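Student: Please pick one part of this model and take me through it slowly. I would like to know how its pieces pair up, and then what else is worth a look.

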Amino acid sequence: MSPYTIFIIDDEETIRDSLSLILEPDYIVHTFANGSKALEEISHTTPDLILLDIGLPDISGIDLLKKIKKNQPDVPVIMITAYEDIETVIAAMKCGAYDYLVKPLNNDNLELAMGNALETVKLRKEVKILQQKFLEDNLPCFIGDSDVIQDMLDFVKTVAKSPDTPILILGETGTGKELIASSIHYRSPNFKGNFVTVNCAAIPTDLIESEIFGYDKGAFSGANPLGKKGLIEEAINGTLFLDEIGDLSLDAQAKLLRFIETGEFYRIGGSKKHHVQTRVVSATNKNLDQMIEKELFRKDLYFRIGVIKIEIPSLNKRRSDILPIANFFLHKFNEKFSKNIICFSDQAENALTDHNWTGNVRELKNIIERGVLVADNTKLSPRDMGIAEASASEPDIDQTCTENLPPPGLALSPDGLDLAGFQDSIEQFYINEAFKLAKGNESKAAKFLGMNHHTYRYKRKKFTL
Ligand SMILES: Nc1ncnc2c1ncn2[C@@H]1O[C@H](COP(=O)(O)OP(=O)(O)O)[C@@H](O)[C@H]1O
Ligand SMILES: [Mg+2]
């Protein structure tokens, strides 16, 4: 570990020199003769420890301590006082000083106080590293190679940075709305708080308000006599995820709107105003525009929860993601069930890319879990997964394209021939035809042309089809 950096702030030159002499062999030492110079340095560098004289010429040590704590709350400050003035020492400790030393400084006391403070610094650093590692290891993994998903994930990273901007996630069931919500939480400054999910469709209408906002004692018969905290309070400085928000009653919608606008709410039956900072992320598979027209959803709430909107496309609309996601789950369930399945059979790959995924990724996950569990081969077959084989891997003759054939070959004349342009137009034509024939399934289209999937995608993009 690199040596610790110590700032010494004292107007007495002899103290600065003698402390430097003692500490320089083991630490990086910077000395300051007055408060303003030290403060300026502290505004852009973070020392590991500060030794601060209480009696400075330009600013009182206590005032400087307050400013340091505001700027660098985690840096321990050991106060140095000329005589044991108990009141000043108590004031310093109340303002967050770590310890104090009385002049003339005694080596043993200095070593002990600094040793304790630096141990705290070391532990804090270790906890931070572990926390970072834990986050990296547990960051929700949203698989998807398609451009639309890659763009969406970039957007998620950007919008996650705000601690309180409301976000609305839209998408069919099973597209990964909850996964994206938790991804937002763990990438946001709120990651140390809780990620609290409220499934608005699963909680009975008459209980939802008390679940979200909590209740005070005597709020209703049968309630806990001591009252109960609501889920909002569990999500302090974290994220409140309102899943299936389209199922929220109009009454609850009104209360929620007030909370999102002001950060304030009352528990049911309570008269005390509570204030909570949290980020609200909502999700629904319902068409909120239609619900607003039918007056089932408040328009003002819709605007408020949807300051940022993220729309997850259905799996059928991004078929190139099917196999990467399938492989991710194959690996996951292989480990879970201690199996040794290496890959999908060709028929299985075709069946997966062909299937109509009405249940989206959730359905894909379930099918693979079942497949891995029952398979007795190293290759997973459509039968293992309980799905139909793809209708035909080769196109029917009447399905093939005979219309819109490319222009016939041009004769080479002394005027020359744009061979490259001609080759491009042929390639573009067949790439387009294969796409139509494969009904938008890129991997299938690539197979029709005997092309690698990635090359096919690259070319399709190149021709901006
Ligand atoms: N792109 C993805 N990559 C990995 N797992 C996914 C992906 N999308 C969804 N899942 C998984 O599929 C299941 C359903 O996702 P979920 O977030 O609950 O969907 P929704 O809330 O939209 O109904 C979960 O187990 C989730 O982890
Ligand atoms: Mg869900």
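Tutor: Let's begin with one residue: Ile167 has Ile308 as its bridge partner in E14. Before we go on, this is a predicted model, in which local features need pLDDT of at least 70, side-chain atom pairs count only at pLDDT 80 or more, and totals for chains, interfaces and linings use all residues. Residues are numbered from 1 along each chain as its sequence is written, and chains are lettered from A and ligands numbered from 1 in the order in which they are written.

Two strands count as paired here if DSSP finds at least two bridges between them. Strands of a sheet pair through backbone hydrogen bonds, either parallel or antiparallel.

Now step back to the whole sheet. It is an open sheet of 5 strands in the order E7-E10-E13-E6-E14, with parallel pairing. Strands E7 (195-199) and E14 (308-311) stand at the edges with a single partner strand each, so one side of each has no neighbour in the sheet. On average, neighbouring strands are turned by 20 degrees against each other, direction ignored. Such angles run from 0 to 180 degrees between N-to-C directions, using axes fitted to C-alpha atoms, for helices over the stretch in contact.

There is another open sheet of 5 strands, also with parallel pairing, in the order E2-E1-E3-E4-E5. Here the edge strands are E2 (28-32) and E5 (99-102), each with a single partner strand, so one side of each is left without a neighbour. Its neighbouring strands are turned by 20 degrees against each other on average, direction ignored. Inside this sheet, E1 (residues 5-9) and E3 (residues 49-53) pair in the parallel sense over 4 bridges, and Ile6 has Leu49 of E3 as its bridge partner. Helix H3 (residues 61-71) packs on the sheet, where it touches E3 and strand E4 (77-81), and its direction makes about 160 degrees with that of E3. Contact means that the C-beta atoms of two residues, placed from the backbone, lie within 7 Å.

Next, the ligand. Ligand 1 has 17 residues around it, and Ile143, Gly176, Lys177, Glu178 and Val361 come nearest; a residue counts as near if its C-beta atom, placed from the backbone, lies within 6 Å. Helices H7 (177-187), H13 (322-336) and H15 (360-374) are the elements that give two or more residues to this shell. By class, the shell has 7 nonpolar, 6 polar and 4 charged residues. Nonpolar covers Ala, Val, Leu, Ile, Met, Phe, Trp, Tyr, Cys and Pro, charged covers Asp, Glu, Lys and Arg, and the others, Gly among them, are polar.

Two of those helices also pack on each other: the axes of H13 and H15 are 9 Å apart, at an angle of about 45 degrees. H13 and H15 are therefore oblique to each other; angles under 35 degrees count as roughly parallel, over 145 as roughly antiparallel, 65 to 115 as roughly perpendicular and the rest as oblique. Their crossing is right-handed, which is the name used if the near helix is turned clockwise from the far one by less than a right angle, with anticlockwise being left-handed. Among the residues that meet are Phe329 and Phe333 in H13 and Leu364 and Ile368 in H15. The contact divides into 10 nonpolar, 1 polar and 2 charged residues.

Another helix pair is H8 (residues 205-213) and H10 (residues 250-262), whose axes come within 9 Å and cross at roughly 20 degrees. H8 and H10 are therefore roughly parallel to each other. Their contact is made by Ile208, Glu209, Ile212 and Phe213 of H8 with Asp251, Ala252 and Lys255 of H10, and these divide into 4 nonpolar, no polar and 3 charged residues.

Finally, two loops. The peptide bond from Lys103 to Pro104 is cis, with omega near -5 degrees, and Pro104 lies in the loop between E5 and helix H5 (107-138). Glu295 has a positive phi of about 60 degrees although it is not a glycine; Glu295 lies in the loop between helices H11 (288-293) and H12 (299-305).
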